[in-house]
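Student: I would like to go through this model by question and answer. Where do we start?

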Amino acid sequence: MIRTPLSTVIGGAFWTPSATIVGGTSKTLTFSQIIESLFSNGEQGFFYDPNDLSTMYQDSAGTIPVTAAGQPVGLILDKSGRNNHAYQTVSASRPILQCNATTGAYYLAFDGVDDYLQTNSIDFTSTDKVSLFAGLNRTGNANIGTLLETGSSFTNPTGGFGIKCPVGVGESTLNLMASTGGSNVSTGAVVSPDKLVYSGFIDLSKTTAIEQVNFKVNGVLVNTTRSNLASNGNLANVSVFIGRRAGVSRPFNGHVYGFINIGKLVSDNETVVIEKELAKQLGVTL
Amino acid sequence: MSYNLSVVNIIPDAHKDAINQIAELYGCGSNNLSVKLQGDDGIYWGCHSWWKPEDYATFSNDELRAQVVPAELQPALAHLYERLVLDGDAQENWQAALALKGISVSKNEFNHKRPIGSLF
């Protein structure tokens, strides 16, 4: 259908973001372009996309490209535009790029022993809000796991945040934690399927714990308890660890399909777009 | 060739620094043995890594190894436990190695018991 100023739309037809306009320009935006647009006002954070092989290297110096599944990832470039790349200088601790045989999507496989990635310090000091998105497949729960955490722990330095997966030994759970001003807040441990799209939201401008930390599993807001209450305040300038607490303990055993961290609250509509894409890669139905 | 050889390494605490130095000489970074382990007879350190089989063959060739590893570090290799599984599963290999050695991940490092009332 070609739409002109004189077009009459009958029967409820409507334009979608992927509609092609003949004689004009396509309005189709790739998932990467949509994510990059979220960072267009200089927001801090990162966007790691294992499906973009051009962003990964086998070594931390970025000299040996990742060209296929089965290779270690020593460096994954940040596609947010903030240059918060994640790296691993130690060979034994590098996750492996793998491919989902059903969906064809690539993911980072963390071995649950010693694999992790880390960033240099990311300056979140101008914000009290964070949104986090990840496609996950938890492949073991024998130990407490750290999917993501800042600093030596999310309370050190204060102004940090983190996600445990699982929260306790032998549990199929995860959570969301944040701190500021020497105080902290945390959700309870929420039971989840092993394959899930995680959407986390931290807002430390709020004055109740239930408003400060929230997360969704496969598009559904979880109903859980909260522990403690954080004071109002901004976040820290701090390194982020993915897959292991401070690179020392609590290794995450599982697969990560894309990881997005933005220093603001993402709108509901934007959240749905992100969740749908990660769900497609994972092969889960929202 | 793919990185499809699952390798678990475990070393007694006394030889950890020497083995980490050897790994560094092979260009593997500075702290490969990073998981603290507890045995009945003391502290051990371990790691899991994925290797290309041909790289491992090179690493375990005595003649080639002598060209890379200085004489003072070579005795530590006699204490290095290795468990190899081609096309293996990392966790299965790791857990089997710990069980065979009769050691476990140091409780202080890994599985902090949550105090009552704490959710993190």
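Tutor: With a definition. Helices (H or I, at least four residues) and strands (E, at least two) are DSSP runs, numbered from the N terminus. Keep in mind that this is a predicted model.

Student: Which loop holds Asp87(B)?

Tutor: Look at the elements on either side. One is β4 (81–86) and the other is α5, both of chain B. Asp87(B) is in the loop between β4 and α5 of chain B.

Student: What is the phi of Asp87(B)?

Tutor: Most residues other than glycine have a negative phi. Asp87(B) is not a glycine, yet its phi is positive. The value is near 55°.

Student: Is Asp87(B) buried or exposed?

Tutor: The cut-off for exposed is over 50% relative accessible area. Asp87(B) has 57% relative accessibility. Asp87(B) therefore counts as exposed.

Student: Is Arg250(A) buried or exposed?

Tutor: Arg250(A) lies in the loop between β21 (240–242) and β22 (253–262) of chain A. Its phi is positive, about 50°, although it is not a glycine. Buried means under 20% relative accessible area. At 5% relative accessibility, Arg250(A) therefore counts as buried.

Student: Which residue does a cis peptide bond join to Cys165(A)?

Tutor: Most peptide bonds are trans. Here omega is about 0°, and the bond is cis. The partner of Cys165(A) is Pro166(A).

Student: Now the interface. How much area do chain B and chain A bury between them?

Tutor: In contact are 25 residues of chain B and 40 residues of chain A. Of the buried area, 53% is on carbon and sulfur atoms. The area is about 2,400 Å².

Student: Which element gives the most to the side of chain B that touches chain A?

Tutor: Two elements of chain B give two or more residues to that side: β3 (42–51) and α5 (90–101). The top contributor gives 4 residues. It is β3(B).

Student: How many residues on that side of chain B are charged?

Tutor: Sort the side of chain B that touches chain A by class. It has 10 nonpolar and 13 polar residues. The charged residues number 2.

Student: How many salt bridges are there between chain B and chain A?

Tutor: Polar contact does occur across this interface, in 8 residue pairs. For salt bridges the count is 0.

Notes:
Residues are numbered from 1 along each chain as its sequence is written. Chains are lettered from A and ligands numbered from 1 in the order in which they are written. This is a predicted model: local features need pLDDT of at least 70, side-chain atom pairs count only at pLDDT 80 or more; totals for chains, interfaces and linings use all residues. Side-chain values use heavy atoms; hydrogens and water are left out. Contact means heavy atoms within 4.5 Å. Buried area is the accessible area (1.4 Å probe) that two parts lose on being put together, summed over both. A salt bridge is a side-chain nitrogen of Lys or Arg within 4 Å of a carboxyl oxygen of Asp or Glu. A polar contact is a pair of N or O atoms within 3.5 Å; within protein, one must be able to donate a hydrogen and the other to accept it, and residues adjacent in sequence count only if both atoms are side-chain atoms. Ala, Val, Leu, Ile, Met, Phe, Trp, Tyr, Cys and Pro count as nonpolar, Asp, Glu, Lys and Arg as charged, and the others, Gly among them, as polar. Buried means under 20% relative accessible area, exposed over 50%, partly exposed in between (1.4 Å probe, protein chains only).
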